[in-house]
Amino acid sequence: MIDTEATDLPELPELPGDWQRALAVVAHPDDLEYGCAAAVASWTDAGKEVVYLLVSRGEAGIDTLAPEVCGPLREREQRASAAVVGVDTVEFLDHRDGVIEYGTALRRDIAAAIRRHRPDLVVTLNHRDTWGDGPGAPRNTPDHVAVGRATLDAASDAGNRWIFPELTERGLEPWDGVRHVAVAASSTPTHAVDAGPGLERAVESLLCHRAYIEALTEQEPEEYVREFMTAATSRDAARFGGRPAVTFELFPR
Ligand SMILES: [Zn+2]
């Protein structure tokens, strides 16, 4: 059910559509499916190109599966879930799941990908210490914090010839064309995308992570995913004309 009750918070404007190529950078398989796949479906419907960059393969994500089994399985699930929302290019940086470190190595790897793909929009997931704010807000995981922060930094690093000169030596010329970084699942969103048109594909896309979801919950996977997706896209509907929304905090550059 969509929550359209009055709120004191301001209306959320539509995320600007003045871009053609997006690079979405997250820590784990499933981060984009939990975070913003409905928006991605709308973007690819509109003819925009979206590339996914996964910093790890999520190999530490399932207690009952050893990393060498889990990593390839989750990579397959991620490629399938990306295809559902029109994303054909999925790359992996192979940092170690669970212990991803914020620092220059991560910034350099993400900056290299930005230089390779030359996006106008960079998307990432909540980089703050908690999900939501206020007392008792659940803690975010260190991997998400590290990747979100490094992505915000790398969007600028990619345009500076002198920060990672080794990238230029490898033929990756600076790319200063990132116009916005959009952080999904922020507790202080500034913009939204209508989740309606892409909602069914977002459900299907998250369901591709079946092994992960089956390990996570006793609930029937489709029921779990639908409940999650409906709640997530209803949360800010009152600030978006009553429409289901994927929200982003937009950092202009
Ligand atoms: Zn994650």
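**Aromatic contacts and a pocket**

Biologist: Why is W43 called buried?

Modeller: In this predicted model, W43 has a relative accessible area of 7%. Buried means under 20%, so W43 qualifies.

Biologist: How do you know whether W19 is buried or exposed?

Modeller: The relative accessible area of W19 is 4%. That is also under 20%, so W19 is buried.

Biologist: What makes W19 and W43 an aromatic pair, and why is the pair called edge-to-face?

Modeller: Their ring centres lie 5.1 Å apart, and the cut-off for a pair is within 6.5 Å. The angle between the planes is 90°; over 60 degrees counts as edge-to-face, so the label holds. W19 is in the segment before strand 1 and W43 is in helix 2, so the pair ties together parts that are 24 residues apart in sequence. W19 and W43 form one aromatic cluster with F248, and the structure holds three aromatic pairs.

Biologist: Why is K48 said to sit over the ring of W19?

Modeller: The charged end of K48 is 4.6 Å from the ring centre, and the distance limit is within 6 Å. The direction must also be within 35 degrees of the ring normal. R243 is likewise listed over the ring of F240, at 4.0 Å from its centre.

Biologist: Which classes make up the lining of the largest pocket?

Modeller: The lining has 19 nonpolar, eleven polar and eight charged residues. Helix 9 gives the most, with five residues. The pocket has a volume of about 840 Å³, and among the residues closest to its centre are Y34, W131 and R235.

Notes:
Residues numbered from 1 in each chain as written. Predicted model: local features only at pLDDT ≥ 70, side-chain atom pairs only at ≥ 80, totals over all residues. Heavy atoms only, no water. Phe/Tyr/Trp six-rings, centres within 6.5 Å; stacked < 30°, edge-to-face > 60°. Helix = DSSP H or I, 4+ residues; strand = E, 2+ residues; numbered from the N terminus. Buried < 20%, exposed > 50% of the residue type's maximum accessible area, 1.4 Å probe, protein only. 1 Å grid on protein atoms, 1.4 Å probe; cavity = no way out; pocket = protein on both sides within 12 Å on 5 of 7 lines; lining within 4 Å. Points joined across faces, edges and corners; volume = space filled by probe spheres on them. Nonpolar A, V, L, I, M, F, W, Y, C, P; charged D, E, K, R; others polar.
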